[in-house]
Amino acid sequence: IMNEPSNRSLLRLDAGQNFSPKKVVIVGNGAVENGDRPLIRVLRDQQNSYIAFDPSEQLDRFLKHEKPSVPLSHAAFLYRSAGLNVIRSSDGGSPEDVAAIRELNKFRCALAKEYSDSRVRGEISLRTLPHEIEKIISDSSTGVITINWDELLWHDPRIKNLIQLHGRSGWPESLIFPTEYAVDEFTIFSEVLAEMVHAESKKLKAKIDSCGRNPSAREQLRTRHRDAIEWMQAAEELIIWGVAFHPYDAELTSVTILARHEISNKKRVILINKRKEDRDIAAALLRVPDELRIDHDGRPDGFFRRWS
């Protein structure tokens, strides 16, 4: 199990425990300058240690076409596969499976460190917002949900209420990879089996515990998943900033599908992205009526355009 930070939370809340936001801003990697650079650097530096490709040129091809989610999804698959092998085995799994999980946990740590260091160096930064959105995002009645691992918003004093839906770099164990859910099947199985074998085999329980997320990280991920749905359902307005809604992003997609049932009750939905294709995907996934949709290309001097 990884070491945990003193602040074991993925929620920053200034408004009190019963906070119900009037507006919600969902922030993706498109809102960050050089947002993929730390990830690509770690993938290139660590591929031989953590993520095996055959042939190795395959990783270069993915990165060349700006698809780092593919090798990350591969890592998530290895993590789940090895974890399931461990908990299904009568003796706690093979040394190879246990070693694979520990190495992938090291990969999370390397990735988290690179994002933290990049923020401190000033290599990554939030893009400049249109003035109207900057006022919204810093309002005390606004809830911000980010799917980014970096802590640019976490350390931004303008942000009053924040959920780090995919974890944050200051807490490596909390990071969620593409295709992973906050409630993962391995997490469920490991908890159930750990209870079953506790009285029979402390050694087996120790092996299971060494493979899963720490209980506090699991609980934070689950709770923030629920909070994100409630925030999106309650808000009068939604602002989607720099989110591509990639098909690999199982966690964000599941939250969005559950929250979209309240979309017709919104006053407006603002889609901020330089790519029209990404704005269209967001509108389709959320089922945004044309009369509620407002587009913006993400430039500070860009114009808001009502869709209908």
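Arginine 268 and glutamate 132 meet through their side chains in a polar contact of 2.9 Å; such a contact is a pair of N or O atoms within 3.5 Å, where within protein one must be able to donate a hydrogen and the other to accept it, and residues adjacent in sequence count only if both atoms are side-chain atoms. Another polar contact, of 2.8 Å, links the side chains of arginine 268 and glutamate 237.

This is a predicted model, in which local features need pLDDT of at least 70 and side-chain atom pairs count only at pLDDT 80 or more, while totals for chains, interfaces and linings use all residues. Residues are numbered from 1 along each chain as its sequence is written, and side-chain values use heavy atoms, with hydrogens and water left out.

Is arginine 268 buried or exposed? Arginine 268 counts as buried because its relative accessibility is 18% (buried is under 20% relative accessible area, exposed over 50%, partly exposed in between, with a 1.4 Å probe and protein chains only). Arginine 268 lies in strand β8, residues 268-272 (strands are DSSP runs of E, at least two residues, and helices runs of H or I, at least four, numbered from the N terminus).

Now for the sheet. Eight strands form an open sheet with mixed pairing, in the order β1-β6-β5-β2-β7-β8-β9-β10; two strands pair if DSSP finds at least two bridges between them. β1 and β10 stand at the edges with a single partner strand each, so one side of each lacks a neighbour in the sheet.

| Helix | Strands touched | Angle |
|---|---|---|
| α8 (residues 215-234) | β1, β2, β5, β6 and β7 | about 125 degrees with β6 |
| α10 (residues 276-286) | β7, β8 and β9 | about 160 degrees with β9 |

Methods: Contact means heavy atoms within 4.5 Å. Axes are lines fitted to C-alpha atoms, for helices over the stretch in contact, and angles run from 0 to 180 degrees between N-to-C directions.
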